[in-house]
Amino acid sequence: MGPVACLTTVPAEAQAHQSFHANDAASAVVVIPGAINTDKGVNDEYEPLKNLLELSKQILTENDRGGYTIPAKGLYPYQWNWDSALVALGWATLDEGRAWQELEMLFSAQWEDGLVPHIVFHKPSPTYFPGPEIWGTVEQPMGTTGITQPPVAAITVRKLYEEGVNKELAMQKAKELFPKLLAWHRWFQTARDPHGTGLVATLHPWESGMDNSPAWDEPLHNVPVDPIPPYVRKDLGHVDSAMRPKQEEYDRFLTLVYRFRAVNYDCTKLYFLSPFRVTDLCTNAVLYRANLDLRWLATELGENEIAEEIDGWVEKAHKAFDTLYDAEAGMYKSKDQLTGKLLAAKTSAGFLPLFARVASAEQAAALAATLERWLDCVKSGIPSYDPEAANFEPLRYWRGPVWAIINWMITDGLRAYGYEDLACRVEADTYELLVSHGISEYYNPVTGAAAGGKLFSWTAAMCLAWLSKAVTPAC
Ligand SMILES: O=C(O)[C@@H](CO)O[C@H]1O[C@H](CO)[C@@H](O)[C@H](O)[C@@H]1O
């Protein structure tokens, strides 16, 4: 949608009356303050939104595997880490108990050293590669991978705790989850920042969540391909290869897995032996924000010493973030820890310091200007990679397509820094994509077409938890 798109956001006073249950589990009537006459039900003009919300609810219900939600049938048949933390926000609008359960299931697979794995293989499935037999994390209580993902969970716990209607349940669940979250965040400080730089390392592109980001081209190219056992990719049986990572990337993804497996995923060794080690903006921005939210929870729960411990992490990270800022480009960039160089690629992760609240006012202004330029280049934003770059690929996964979850994070950040119009513009684009093209894994920013997996859980969750509350159709 172009720059003239205008969305009505929920007025603050209406927000105060807004129930966390935007959608009653028993009916499809949606409460959208400022958008809906609640006496008369949903206005006709909001029919598309009503339909989207009904579809979103169906998607979560159909992807529910009994306490955890798979991202999409066939393509991703297990529980993914940051998917689940985001999907819980969607569940919270339907059933708060189910939202908490999503997180409990994820943390039931936490390792003794604190790691929360990137995939939990609760039940066998023949439709995904690499599955538990390749990862071979045998000594764990259940099958999991041996790497992690951006730690969204503490952000979700704070939201469920603060906005949940069932306060007793929220207090009980937050208390139970708090030590587990803390153990994971401590694991990041030790296992992934042993030299105490303030920023944590990401050792596999799968850990970043943005698997084939152009930011990883250089560091991944430096990973030598080992003589690994032959394998058959299953993703290409579900999705067109033009939308997926390339074979040379998969060979390196697998090489890293086999190298990590050879030392039994011992986190004290992995940091030093991995031939891929980057300071990923997405992981560090999400961790920074998650630490702010964990600190908030610590205070709520009377854990003052822990709050001080977290203050120490945040203070150090705050200073270190400046080393990732490229003033000339008006962007943050990830860094290759093995060469010490900032990675040239400008990706949507570069805007996430806004979500973290770690950018200064001046840096935020530069990011907003960069984002505006990007949005002017495409039909629908936010592209995951600089649309002016020569190797921008609007269809290929994290090398161009729009992702609703990233739009949510960046919008949240824009609003916190006072860029309301830009936040509305991103919301309008996201809403338009979902209404016109359905609930998919990602979208082509040039044409708007849906791409990747269909009926996708985290996109449905964003619809329920974010778009339903924030926007009405373009005016
Ligand atoms: O392509 C894959 O096989 C998986 C590996 O983890 O990653 C994608 O899919 C996962 C499930 O939606 C996401 O968590 C990742 O961020 C990424 O988009």
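How far is an oxygen atom of the ligand from a polar backbone atom of Gly 209? The legends below, written for a predicted model, take up this question in the second view.

View 1. The shell around the ligand is made up, by class, of eleven nonpolar residues, three polar residues and three charged residues. Of the 17 residues around the ligand, those that come nearest are Asp 83, Tyr 128, Gly 209, Asp 211 and Tyr 397.

View 2. A polar backbone atom of Gly 209 lies 2.6 Å from an oxygen atom of the ligand, which answers the opening question. In the side chain of Asp 211, an N or O atom is 2.7 Å from an oxygen atom of the ligand, and for the side chain of Arg 244 the corresponding distance, again from an N or O atom to an oxygen atom of the ligand, is 2.9 Å. On its own the ligand has 420 Å² of accessible area, and the protein covers 100% of that area.

**View 3. Confidence along the protein and in the complex.** The protein has a mean pLDDT of 90, with 89% of its residues reaching 70 or more. Over residues 1-44, however, the pLDDT is below 50, although this stretch has 95 contacts in the model beyond near neighbours in sequence. For the complex, the predictor gives an ipTM of 0.99 together with a pTM of 0.91.

Definitions and conventions:
Residues numbered from 1 in each chain as written. Predicted model: local features only at pLDDT ≥ 70, side-chain atom pairs only at ≥ 80, totals over all residues. Heavy atoms only, no water. Near = heavy atom within 4 Å. Polar contact = N/O pair within 3.5 Å; in protein donor to acceptor, adjacent residues only side chain to side chain. Areas by Shrake-Rupley, 256 points an atom, 1.4 Å probe, with all protein chains shown as cover. Nonpolar A, V, L, I, M, F, W, Y, C, P; charged D, E, K, R; others polar. pLDDT = per-residue confidence, 0-100. Contact = heavy atoms within 4.5 Å.
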